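Welcome, and please load the model in your viewer. We will go from one selection to the next, with a short note on what is there.

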Amino acid sequence: MEVQFTEEIRQLQLGAGDTFHGEGILAITKALLQSGVAYIGGYQGAPVSHLLDVMVQARPYVDTLGVHVEACSNEASAAAMLGASIHYPLRGAVTWKSIVGTNVAADALSNLASPGVVGGALIVVGEDYGEGASVIQERTHAYALKSTLLLLDPRPELANMVRSVEHAFALSEASNMPAIMELRIRACHVRGRFACKDNLAPRLSTRALIEEPAGFDYMRLAHPPVTFRHEKLKLEQRIPAAQAYIAQHGLNERFESGRHADIGLVVQGGLYNALQRALQQLGLADVFGASEIPLLVLNVTYPLVPAEITGFAAGKRALLVLEEGSPEYIEKDIVQALRRLDAQSVVHGKDLLPGAGEYTVEVIARGLLAFCERWLPQLDLTPARNWLAGNDARRGAIAKELGALPARPPGFCIGCPERPVFAALKLAQQEVGPVHIAADIGCHALATFEPFSSGHSILGYGMSLASRAGVSPMMQRRSIAIMGDGGFWHNGLLTGVQAAVFNGDDAVLVIMKNGYTSATGTQDILNTPDDEAKAEAAAHARLHQSLVHKNHTIEDTLKGMGVQWLRVVHTYEVDAMRRTLEEALTSEFAGLKVIVAEGECQLERQRRIKPWIASLLQRGERVERVRYGVDEDVCNGDHACIRLSGCPTLTIKDNPDPLKADPVATVIDGCVGCGLCGANAHAATLCPSFYRAEVIRNPRWHERLLAGLRSRLISLLQPA
């Protein structure tokens, strides 16, 4: 039972006269339909996953508009979709998580930007930068500069974000440049409202087909010799056309004020809300956002419009540029524009603000404080200094009171089918010795944290097998690459498996086959059990059955590519997994050895069975639930079980025996009965303190009778 977006889909159908209430990313999704988009694609990833997830579930509705929606296999294929806009007046939009996704899509983006587009082309990227990031700290801006792509960074207010989407398509068409819109995590999840418009059916669509293909035009290819002409077109026609459109339609916003008109702030649109809060703390803005210092808000950060910069700087002694991350592309462009036109305003930026890291309210406030101390010395900034000092003092007092807080790294979900594999891997290395482990992007990357600490490198989604190619020939023992089924289809099949088979590499690959692209929201992939299998499992009350074994696409693909050593092991069978890993690491077979670790994503499994259990209980039918526990009289307190598992429900409590000081292990509420703790105890020959119990609700009459007899017998055997 997948996540449903019923209410979100209803919001997409709102029209003129209606008011949208919701999150920023869904407002962007609605704006695409209002702009007459003809096709939408992408690859899921935070914080923009909802755009594609909602659109996929909304297919029955968007089909009525003639809009084509496609979930792409990776970001490169999504970027290549925009090739439809090179020849035809089709507005297209794709989405992915940046910067990792933009790295994957870079080749297609270069080849798209070179000939340019006729129909508006928009890439909505989740700018995953700052404290909430899950990837490397880089920015999309470099790609906009490299390939000459429009870059929008809208002020996080829903009406402005929707307006930016509508203008992004028109701007793309006016300049023949593909556009990127970057949305930080806070912009995606900011809530608000805007007045809706009717959705527009595209002029050419799945319901109004293109009658004839475009004529051949070599200029529309990203291929020499015309690429040399493309480079000139970018500089001589496209950028000037974009700058003219930006200025004509006022895409960048100026907020002027009279009190301190001799200085100014230039800010990326995405940082506007944090800047406003910082200004309020300095007493330079009211609660309604009226700033006492003039603001130039760059909703379009590339290309900049020199006339706008110099116009804003006119009569101002100094400017402060608020640009997150490094290098300071915007600051350098502003300095260049001012100096070329001999404008004498002093430009501050990274000299007063940090060169790296997220610009939170406090970070911005410190930069503003330094700027105002230099250019507005008459201001009484004591309240702002006291506010910052108070924050520092409170943090210091808490740290002194509590001491060093224990690290709380993220971990696998309760009952995750991937946890047992890493438990087995720890046990296998006790026998064969430590091995080099190439990790990958995905849920299994959480095994790089304790208690497993497994992984020497993460080089990209699906790149683990390829990343061990240079080191494994140099190692005395075989190396292991870990890859998820999502990563396998995204990139691993070609960059890893194909290369290893072709080169005859002596390598070991473990594929986590959980049936979904789990880390990004459990989206379906090629080896996801089909709807028929899910319905059959629900209809036949298969409470404990995993569905992933019903789809053999990965195994068939591997066999078809010539993989000769292939084992499929259920992940929760720790001892079997340990033996298989040991076999792979010590086998005389010298080619690629693949272990498919099969176990359905526990989140999806629970979504499937919980409604079924609830329906049984509502009807008063018998329900049996497996629970595991620890016999506290047997537990010796060495906690090897916890070091081998890391399950959140397997923890410790005070020892009930007053003569024993060590705490005992315990299984708390939340256990889903996956059986890993018991399997670990068996595979590692740990203490026999784990027990398995069946908790029965609405038992049958003979079960009640048997339970009563057992209880009486136990009470008779116990001493008085």
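Select Arg395 to begin: with a relative accessibility of 47%, Arg395 is partly exposed (buried is under 20% relative accessible area, exposed over 50%, partly exposed in between, with a 1.4 Å probe and protein chains only). Salt bridges with shared partners join Arg395, Asp392, Glu362 and Arg366 into one network; a salt bridge here is a side-chain nitrogen of Lys or Arg within 4 Å of a carboxyl oxygen of Asp or Glu.

A word on the model: it is predicted, so local features need pLDDT of at least 70 and side-chain atom pairs pLDDT 80 or more, while totals for chains, interfaces and linings use all residues. Residues are numbered from 1 along each chain as its sequence is written, and side-chain values use heavy atoms, leaving out hydrogens and water.

Next, pick Glu292 and Arg259, a salt bridge with its closest N and O atoms 2.5 Å apart. This pair links distant parts of the chain, 33 residues apart. Arg259 is exposed at 54% relative accessibility, whereas Glu292 is partly exposed at 21%.

Finally, show Asp262 and Arg317, which form a salt bridge at 2.9 Å, N to O. Asp262 is in the loop between S9 and S10 and Arg317 in the loop between helix H13 (306-313) and strand S13 (318-322), so this contact ties together parts 55 residues apart in sequence.

Definitions and conventions
Helix = DSSP H or I, 4+ residues; strand = E, 2+ residues; numbered from the N terminus.
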